[in-house]
Structure formats: structure tokens, C-alpha cells
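Student: Please take me through this structure by question and answer, with the criteria behind each term.

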Amino acid sequence: MADNGTVISIAPGQYPEHVVIKHLNVTLAAREPGTVVIEPAAGDRAAVVCLASESILDGLVVRTVAHPAIHVRGGRVRVSNCTVSARFSDGIAITDGATAEVAGAKITDSQRGLIVEDADGTFDRCEIRNIVDDGIIVRLGARATIRASTVTDCGFRGIYMYQAGNSVVERCDIAQCGDSGVSVADQTSPVITQCWIHDTQGAGINVGRGCGGVIEGCRVENTAPPGVLLADGAHAEVREAGPGSITQLVGAGQTKENRSDPERVEQLLADLEEMIGLDVVKHEVRALIDEIQVNEWRRNEGLSVSAVSNHLVFTGAPGTGKTTVARTYGQLLKALGILPNGRFKEVSRRDLVGQYVGHTAEKAASVFDEARGGVLFIDEAYTLARTSGSGADFGQEAIDTLVKLMEDHRDDIAVIVAGYTDEMAKFLDVNPGLASRFARTMEFENYTPEQLVKISDRIANNDDYELADDVELGLLEWFAQMKKDESFGNAREARKLLERMRKSQSTRLRSLGRRPTRDDLRNLTLDDLLDAIRTG
């Protein structure tokens with residue numbers, strides 16, 4: 001009912017409403033800043049949506065659950081001194097060609113803090129903290145100026161820019177991030193100046209291949225080395241401003257050999273050898289690592305090197321060590337200087353497939369992007385090739401999206417798909433280019449009964465238990481008679497059996513009529529095994 005130019009002054013209170021401002025020039029202002037709380041009762045839609053409007057939001061507290069708290073879609077909007085949270089979504093989303101000015105905002109307790117996509121924005125004196133994923137994302141043609149703001153306590157990156165226009169990050173305090181403080185990717189060239197970036201798990205500033213821009217006068221402290229990481233092919237200009245402005249720098253002109261850690265490589269290979277069984281897999285991993293190492297030596301000498309994919313297919317039954325080997329493989333690539341962080345991200349169909357047309361490509365691309373720099377492990381990948389029966393083939397859309405991304409970013413991620421042998425063979429046939437993206441297939445065979453006994457003994461020792469002498473013989477007989485079909489869990493069967501043995505031991509010790517000794521508490525007996533088999 002408001003006319004253009006109307007200022008709506010809102011009395012203090014809790015407003016369980018979904019507010020939409022469409023094609024209007026209005027102001028929503030709290031009569032007393034911080035006393036007006038807008039929070040939809042259901043929590044399943046955005047709290048405030050501005051559609052192609054020229055609006056001002058001032059002094060509001062906006063909360064929601066599964067959708068952005070404030071979503072600006074087109075138009076021009078100013079957000080001043082608002083406090084925002086969206087538990088499983090974006091605090092503020094600026095999209096669809098909008099222009100936004102955000103000043104003095106506090107964005108907390110959200111999945112992501114601030115998203116600027118295909119839009120322009122200026123963000124001044126904002127505070128973004130306690131975020132599950134990225135604090136700020138600037139992407140897909142967006143241009144943002146972020147100044148005098150604090151971004152801290154983010155589970156992933158502080159500020160992430162990809163396929164973004166000319167943007168500026170100026171005089172910001174970025175800290176306590178699970179990965180890089182500022183990450184720049186996909187042909188983005190920002191100006192990052194006079195920022196203090198500290199206490200991050202990843203590099204302070206990470207500039208990807210093909211990206212440029214200027215980094216000037218930044219103070220980078222207590223981050224993962226190096227303070228500023230320029231990938232091969234990055235052309236950002238780094239200008240220091242006095243002593244201590246940048247702690248460490250790996251430039252685009254340096255080789256991966258200079259970033260490798262040979263001692264760590266040998267330690268990881270030794271750890272791999274310590275795994276029980278998997279002789280063929282160990283040999284193939286070592287051969288692949290040898291090939292990667294020699295290629296790097298050839299490249300450093302100016303010799304030609306054939307393109308080698310880091311992507312792998314793991315086939316075999318559950319419980320055969322696929323996840324453990326995948327983690328080790330990622331750490332090996334990091335130690336060789338091939339991947340920047342070796343981060344391991346495990347996903348399944350539900351993490352990649354959306355529920356409506358267009359959602360899957362966005363969801364799959366987002367997951368892929370979160371895993372860049374490390375390993376994306378897709379368990380039971382063959383389920384992506386199965387349709388839901390409703391006629392919508394969203395799994396195929398995820399596969400097609402991944403195929404393109406795997407080629408576009410083959411140098412900064414390792415994708416490993418895993419599943420049963422026969423199903424994975426069918427999975428690789430669903431897209432003409434899928435099989436060619438993978439360097440090789442590794443078959444994880446079922447453990448033998450003798451190996452399962454060794455695994456059981458190792459699990460017990462790691463948990464401060466000891467198997468009595470006759471228990472190992474009993475375990476050998478039990479594992480030998482088990483049916484080794486697709487439902488057989490291999491090492492998982494050993495772990496589940498030991499869990500039942502511990503419960504049986506507890507019952508036995510409670511019936512002793514005295515306090516058990518240290519040896520009593522540690523020993524698992526044949527009676528415990530027999531009882532665990534009976535109750536299983």
C-alpha cells in the first residue's frame with residue numbers, strides 16, 4: 001500500500017513475516033535500531049526480498065533458516081546497520097544485476113555470509129563472523145568493493161572470488177579461516193590492499209592460475225605457508241609496503257619442485273605400505289606417484305611432458321580401504337606440490353543432485369569448487385547414473401557438469417569416484433567423455449581371512465585391547481566361513497564384530513563379583529568372541 005518514497009518506521013517487536021518489496025522505492029527503518037526482528041515463522045523462505053526495487057533497510061534484525069535472510073534481486077538497495085543470520089543459507093544475497101550498498105552490517109551464524117553474484121556492491125564497515133563455509137563470495141561477473149570490514153571464524157575461506165569483475169578488498173581484517181583468507185580463481189583480478197590477514201589454516205592470499213590483480217601493503221601473519229601463494233600461470237603483481245608486510249611469497253615463476261616436500265612424500269608412502277593387504281593398489285599408487293615426480297623433473301628441465309590426469313576410479317566392495325587410500329593420495333599430491341592443500345571432501349549423490357531443473361548444475365559446481373585444491377571423493381558414484389523414476393534425470397546433469405569441470409580444473413583438483421566394480425563399469429559409460437577423464441582404475445580386492453584377523457588385532461591394539469591367543473584362531477575360522485558377496489563389509493565386519501566382543505566383555509566383567517584388574521579390562525577372550533557371534 002506504500003507509495004514510492006515512503007519511509008516506514010517500525011515499532012520494536014518480533015515480526016514472524018515474509019516481507020517482499022517489489023518495484024517500489026521505500027524505506028523500512030527500525031524506530032529503535034536492533035529492536036525490530038523479522039523472522040518468518042516457517043523459516044523455509046527468505047525473510048526480506050527486494051525485487052527490482054529501490055529500497056533502504058535500516059537498523060533491522062533479520063533471521064531465517066534455509067533461505068537467505070536478505071535477498072536483493074535486481075534494483076538498488078541500501079542496507080544500513082542491520083544484523084543478519086541464516087542458519088543453513090546466505091546471510092545476504094545480492095543477485096540478478098542488483099546494485100547494493102551495505103554499511104555497518106553484522107552477518108553471523110550462517111552457512112555463508114555474503115554472496116554477490118552477477119551484481120555490484122559496496123560493503124563498508126561490515127562484520128562477518130561465525131560462518132560455516134565462505135565468509136564472502138564474489139562470483140560470476142559480480143564487482144564488489146569491500147572496505148574496513150572484519151571477516152573471521154569462517155569454516156572455509158574468508159573471501160572467495162571467481163569469475164568476478166574488477167573488485168577491491170581494502171583495509172580489511174581477515175582471520176581464523178579454515179582455508180585461505182582470500183582466494184582468487186577463474187580469471188579474476190582484484191586489488192587487495194592494506195589488509196591484515198592472519199591465523200588462517202590455508203595461505204593468507206591464494207591466487208589461482210590465469211588470475212591477476214594487485215596485492216599491496218598487506219600484512220600476512222600466522223597462516224599456512226606461504227603467506228601469499230601465486231599458482232603457476234597467475235600474474236598478480238605483489239607490492240610490499242615496508243618490512244613485515246608479507247611474510248612469505250611463492251610466486252608464479254617458481255616451480256612446483258620448490259614447493260614439494262620429499263620427506264613427507266616418503267613418509268606417506270611408508271604409511272601406505274603399513275596398510276594391511278592391498279598389494280596391487282599400493283603398487284599402482286607408487287607407480288603413479290613415480291610418474292608424477294619424474295614429469296615434474298622433466299618439466300623443470302624444459303623437457304616436454306604429456307598431460308597426466310590426477311583423477312582416479314576406485315572399484316571394489318565396502319570396507320576395503322578406498323577412503324583411506326584416497327586421503328593418502330591427496331596428501332601425496334600436496335607433498336609433491338601438485339595440489340595446494342590436499343583437503344579431502346567426501347560426497348555422495350545427495351550432495352550433488354538437486355530437486356529441480358538447473359539446481360543440480362549449481363549444486364555440483366558448488367561442491368566441486370569447495371574441493372578445489374584437494375581431493376573430491378564421490379562414494380557410490382554409480383548412483384548418479386540411476387534415475388529416480390519420475391522422468392527427471394538430474395543425476396545425469398551432475399555427471400555432465402563434473403565432466404566439464406574435471407577438464408577445466410584438472411591441475412588443481414583430484415576427483416576420485418568409488419563403488420562396486422560392475423556398477424562403476426556401467427557408470428563410466430553414461431557420458432562419452434567420462435572414462436577419459438580418469439588416469440586409471442584401481443581394484444580393491446576383498447581381504448583374506450588372514451588379513452581380517454590382522455586388521456582385527458590392529459583395531460583392538462589401537463583401542464587398548466589385546467586378543468587372547470585362542471581368539472585369533474577363532475576369528476580366522478569365523479571370517480573363513482563368511483559369505484563374500486556384495487553385502488560383505490570386509491574391515492567393517494571386523495570392526496562390528498569387535499564392538500560386539502567389547503559388549504560381551506563388559507557383561508562378563510560385571511558378573512565377576514569383584515573389580516576387574518587392568519589385564520581383565522584389556523583382554524578379549526574366546527568366550528567374548530563366541531558370545532558376540534551368537535548375539536550378532
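Student: Is Cys-82 buried or exposed?

Tutor: The model is a predicted one, in which local features need pLDDT of at least 70, side-chain atom pairs count only at pLDDT 80 or more, and totals for chains, interfaces and linings use all residues. Residues are numbered from 1 along each chain as its sequence is written, and side-chain values use heavy atoms, with hydrogens and water left out. Buried means under 20% relative accessible area, exposed over 50% and partly exposed in between, with a 1.4 Å probe and protein chains only. The relative accessible area of Cys-82 is 1%, so the residue is buried.

Student: How far from Cys-154 is the nearest cysteine sulfur?

Tutor: Cys-154 counts as buried, at 4% relative accessibility. It is in no disulfide, and the sulfur of Cys-177, the nearest, is away by 4.7 Å.

Student: Which element gives the most to the lining of the largest pocket?

Tutor: On a 1 Å grid over the protein atoms alone, a pocket is an open set of points with protein on both sides within 12 Å along at least five of seven lines, a cavity is a set where a 1.4 Å probe fits but cannot get out, and lining residues have an atom within 4 Å of a point. The largest pocket has a volume of about 1500 Å³, where volume is the space filled by probe spheres set on the points, and grid points are joined across faces, edges and corners. Its lining has 49 residues, and Arg-112, Arg-139, Glu-362, Lys-363 and Ser-366 lie nearest the centre. Helices (H or I, at least four residues) and strands (E, at least two) are DSSP runs numbered from the N terminus, and the element that gives the most, with 10 residues, is helix 6.

Student: How many residues in the lining of the largest pocket are charged?

Tutor: Ala, Val, Leu, Ile, Met, Phe, Trp, Tyr, Cys and Pro count as nonpolar, Asp, Glu, Lys and Arg as charged, and the others, Gly among them, as polar. The lining of the largest pocket has 16 nonpolar and 11 polar residues, and the number of charged ones is 22.

Student: Which element gives the most to the lining of the largest cavity?

Tutor: The whole structure holds two cavities of 30 Å³ or more, and the largest cavity has a volume of about 50 Å³. Its lining has 11 nonpolar, no polar and no charged residues, including Leu-384, Ile-399 and Phe-427. With three residues, the element that gives the most is helix 7.

Student: How far apart in space are Val-353 and Ala-398?

Tutor: Val-353 lies in the loop between helix 5 and helix 6 and is buried, at 10% relative accessible area. Not counting residues up to four places away in sequence, Val-353 touches Lys-363, Leu-384 and Ala-398, among others, where contact means heavy atoms within 4.5 Å. Val-353 and Ala-398 are 45 residues apart in sequence, whereas their C-alpha to C-alpha distance is 6.2 Å.

Terms used:
A disulfide is a pair of cysteine sulfur atoms within 2.5 Å.
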